[in-house]
Structure formats: C-alpha cells, structure tokens
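Hi,

Here is the structure I said I would pass on.

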Amino acid sequence: MATIGDLQAWYAAHCDGEWEHGYGVEISTLDNPGWSVEINLKGTELAARPFNRISRGMGQEETDWVTCWVENETFQGRGGAQNLQEILDTFFTWAS
C-alpha cells in the first residue's frame, strides 16, 4: 500500500537541482467529486516504461471509480473521492 511517504521519497529521489523546476507531482480535486493525480515522468527511469491504461467503475452512478494512464511522459490518475490511495497504489505498483 503506497503512502504519502512513498510519494515524498519518489519525488525527493528525482529532485536533482533541475528536474523539480520544470516537473513534479500534482494532486488536486475534481468536482464530481474525486481526485486528479499527475506525476511527470520526464527525465526519470519511468519515462519510456509501457503502461496499460486501467479503468474500473466508470458508470454514471459510480462513486468508486479509477482510471489511470500515461500520456506525454506523465502518469495520469483520476478517481472517486475515496480512491486517492488506489491511484497512488497503481502508480507505485507499476513503478516498482
């Protein structure tokens, strides 16, 4: 199970005096309600790693849903209000 500590460690490991000035991690909320996670992979060991898009629970009435993909060297995760942990777990499972 990924934690905020894991995210902090991943971010800190990639801060090299340059990367963090143009790239990084963004976590924000959605209005449906839910979460948006964007982790920029440019200049990291993950930039070219394949990722198969995942989606589940995407029906109109669903509140428990997640979709994750990589686009333009950025990991993208979206999910319901209770799914931030699952988005981060998906990232760290793929990244390790």
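Asn83 is buried, at 4% relative accessible area (buried means under 20% relative accessible area, exposed over 50%, partly exposed in between, with a 1.4 Å probe and protein chains only). Before I go on, two things about the model: it is a predicted one, where local features need pLDDT of at least 70 and side-chain atom pairs count only at pLDDT 80 or more, while totals for chains, interfaces and linings use all residues. Residues are numbered from 1 along each chain as its sequence is written, and side-chain values use heavy atoms, with hydrogens and water left out.

Back to Asn83, which sits in the loop between strand 5 and helix 3 (84–95). Helices (H or I, at least four residues) and strands (E, at least two) are DSSP runs, numbered from the N terminus. Leaving aside residues up to four places away in sequence, Asn83 touches Trp35, Arg56, Thr63, Asp64, Trp65 and Val66; contact here is heavy atoms within 4.5 Å.

You'll find Thr44 in the loop between strand 2 and strand 3 (54–56). Its contacts, again not counting residues up to four places away in sequence, are Trp10, His14 and Trp19.

Pro33 belongs to the loop between strand 1 (25–30) and strand 2 (34–40).

Then have a look at the loop between strand 4 (66–71) and strand 5 (74–80), where Asn72 is placed. Asn72 is not a glycine, yet its phi is positive, about 55°. Glu73 is in that loop between strand 4 and strand 5 too, and its phi is also positive, near 55°, in a residue other than glycine. As for cover, Asn72 counts as exposed at 60% relative accessibility, whereas Glu73 is partly exposed at 34%.

**Cysteines**

How many disulfides are there? The count comes to 0, taking a disulfide as a pair of cysteine sulfur atoms within 2.5 Å. Cys68 is buried, with a relative accessible area of 0%, and Cys15 is partly exposed at 28%.

**The whole chain**

The protein has 3 helices and 5 strands, and from the N terminus on they run α-α-β-β-β-β-β-α. Its radius of gyration is 13 Å, close to the 12 Å that the globule rule gives for 96 residues, so the protein is as compact as a globular protein of that length. That radius is taken over C-alpha atoms, and the globule rule is 2.2 Å times the number of residues to the power 0.38. Along the principal axes, the C-alpha trace spans about 45 × 25 × 25 Å.

Buried residues account for 39% of the 96 residues. Of the contacts with a separation of 6 or more, 51% come from residues 24 or more positions apart. The accessible surface is about 5,800 Å², with 48% of it belonging to carbon and sulfur atoms; areas come from the Shrake-Rupley method with a 1.4 Å probe, and for residues, only the protein chains shown count as cover.

Last, the charges: the mean positions of the 5 positive and 15 negative ones are 6 Å apart. Lys and Arg count as positive and Asp and Glu as negative, while His and the chain ends are not counted. Each charge is placed at NZ of Lys, CZ of Arg, CG of Asp or CD of Glu.

Cheers
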